[in-house]
Amino acid sequence: MGQGVAIVGGGPAGLKAAEVLAQQGVCVDLFDAMPSVGRKFLLAGRGGLNLTHSEPLGAFMTRFGGRQADLTPLISQFTPDDLRAWVQGLGIDTFVGTSGRVFPTDMKAAPLLRAWLHRLRQAGVRFHMRHRWTGWSDAGELLFTTPNGDVRHGACATILALGGASWARLGSDGAWVSQLKDAGAAVAPLRPANCGFDVLPTGPDLSGWSDPLRQRFAGQPIKPVALTFEGEDGQLIRQQGEFVLTDSGVEGSLIYAFSARIRDAIERAGQATIYLDLLPAHTLMQVQAETTRPRGPRSLSTHLKSRLGIQGIKMALLHECLTPAELADSRALAGKIKALPIKLACPRPVDEAISTAGGVTFESLDANSMLKSRPGLFCCGEMLDWEAPTGGYLLTACLASGKAAGLGVKAYLNAIT
Ligand SMILES: Cc1cc2nc3c(=O)[nH]c(=O)nc-3n(C[C@H](O)[C@H](O)[C@H](O)COP(=O)(O)OP(=O)(O)OC[C@H]3O[C@@H](n4cnc5c(N)ncnc54)[C@H](O)[C@@H]3O)c2cc1C
């Protein structure tokens, strides 16, 4: 076996693990299937790189739901404040947006990644691109396919940071599941997280939205709007924001905020209903006062536009989702404007999702992030079994788990040498 440590996967988690080890004088070889590292990280920068969140750590940790206890030891070693200081150390300033989310001042990922890779190269990390890891030889060496043929690499410890299964064209395709299972890990099924949904087909062609709605409004945002969803415990959860109408359903930040609950509800019941408040600034009484006001010869659309400002995509949604009888009943119409039911049939495929739920379970790992069934093999990042909403929680947990895996390897090396 080689003397150094191999890291497979050059996303934020793998790069952070490499940094921790290289800073401690450990010889690191980093492999990635793609021609360059950090491709998803760069994509994340396109919409404004949301690094972390400024809320108090206690509230921050609740975003990890059932995995809060597993992630607490990792994130307590690399907190949102540590993350901001680390970014500052790479020469990039950060700021807190109005929502409490933290961004680099220029909102971009590329300058940060450039500075980070420079630091890693200076520290001696060796990068091996276009190396797709496929498993182990009988002698325990890592096996890679490369454009120049198959390659074997021996290492005294290995960190896998292979990401989830979304946006496969950027490198993380979830193909590692069978290898990890063969290595004795329990792997929770990979599922879409922070994802869009298809609406339940209602029309005769069974294709979700009607052609007129799709053709005129697909790709357009609906805002402002509030979404209400009934949780598993019967509790109603409401949040205001915006989302986008897609060809077959809905996606965007407000939908992502509810997506884990909606996905789980669909798994339980086959479908789920969200309720849209198209006029979140109006009370039901105010809306009712306007819908029941005599409108004379004016059409319903003209009336709703002039009295309530409902037009365009919101008006089209009412026509799409309500029957003529419901539209004609001015009292009931007010109720629907405040709580328009939209039935969702299924999440969009995991490849389209922002992130992936499921992965290597924490129960398969020891306190050093090492696979219990395969000493010397460590895992970190999105390939672990946790999920979180958007808001900087994903990158924070990936970086923190990368640091933890790096420290875990160091402890392992100290113990065996
Ligand atoms: C559109 C979009 C926007 C996002 N925006 C944000 C944001 O603003 N804030 C935020 O916190 N998070 C955001 N995320 C999520 C965040 O980018 C990911 O959670 C994070 O990149 C995961 O890091 P990772 O290191 O675990 O995996 P990845 O970044 O997925 O890296 C995994 C690496 O492993 C490599 N790999 C996989 N399999 C193999 C193999 N067999 N052999 C060799 N190499 C392999 C891949 O090529 C890849 O380079 C966004 C995601 C998307 C898709």
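Visitor: At roughly what angle do the axes of helix 4 and helix 15 cross, and within what distance do they come?

Guide: Two packed helices are described by the angle between their axes and the distance between the axes. In this predicted model, where local features need pLDDT of at least 70, side-chain atom pairs count only at pLDDT 80 or more, and totals for chains, interfaces and linings use all residues, the axes of helix 4 (residues 68-75) and helix 15 (residues 393-416) come within 8 Å and cross at roughly 65 degrees. Helix 4 is therefore roughly perpendicular to helix 15. Residues are numbered from 1 along each chain as its sequence is written, and side-chain values use heavy atoms, with hydrogens and water left out.

Visitor: How are the helices, axes and angle classes defined?

Guide: Helices (H or I, at least four residues) and strands (E, at least two) are DSSP runs numbered from the N terminus. Axes are lines fitted to C-alpha atoms, for helices over the stretch in contact, and angles run from 0 to 180 degrees between N-to-C directions. Angles under 35 degrees count as roughly parallel, over 145 as roughly antiparallel, 65 to 115 as roughly perpendicular and the rest as oblique.

Visitor: Which residues of helix 4 and helix 15 meet?

Guide: On the side of helix 4, Leu71, Leu74 and Ile75 meet Ala397, Ala400, Ser401 and Ala404 of helix 15, where contact means heavy atoms within 4.5 Å. These residues divide into six nonpolar, one polar and no charged (Ala, Val, Leu, Ile, Met, Phe, Trp, Tyr, Cys and Pro count as nonpolar, Asp, Glu, Lys and Arg as charged, and the others, Gly among them, as polar).

Visitor: At roughly what angle do helix 10 and helix 14 cross?

Guide: The axes of helix 10 (residues 284-291) and helix 14 (residues 330-338) come within 8 Å and cross at roughly 140 degrees, which means that helix 10 is oblique to helix 14. By class, the contact of helix 10 with helix 14 has five nonpolar, four polar and two charged residues.

Visitor: In what order do the strands of the closed barrel run?

Guide: Strands of a sheet pair through backbone hydrogen bonds, either parallel or antiparallel. Here six strands form a closed barrel in the order 12-15-14-13-16-17, with antiparallel pairing; two strands pair if DSSP finds at least two bridges between them. Neighbouring strands of this sheet are turned by 50 degrees against each other on average, direction ignored. Helix 9 (residues 253-269) packs on the sheet, touching strands that include strand 12 and strand 17, and its direction makes about 115 degrees with that of strand 14 (236-245).

Visitor: How many bridges join strand 16 to strand 13, and how many join strand 16 to strand 17?

Guide: Strand 13 (residues 221-230) pairs with strand 16 (residues 272-277) over three bridges, with Thr228 opposite Tyr275. Strand 16 pairs with strand 17 (residues 340-347) over five bridges, and Ile274 has Ile342 as its bridge partner.

Visitor: How is the ring pair of Phe60 and Tyr393 arranged?

Guide: A pair of aromatic rings is described by the distance of the centres and the angle of the planes. Rings of Phe, Tyr and Trp (its six-membered ring) pair if their centres lie within 6.5 Å, and planes under 30 degrees apart count as stacked, over 60 as edge-to-face and the rest as tilted. The count comes to eleven aromatic pairs. The centres of Phe60 and Tyr393 lie 4.9 Å apart with the planes at 50 degrees, so this pair is tilted. The pair links distant parts of the chain, with Phe60 in helix 3 (residues 57-62) and Tyr393 in helix 15, 333 residues apart.
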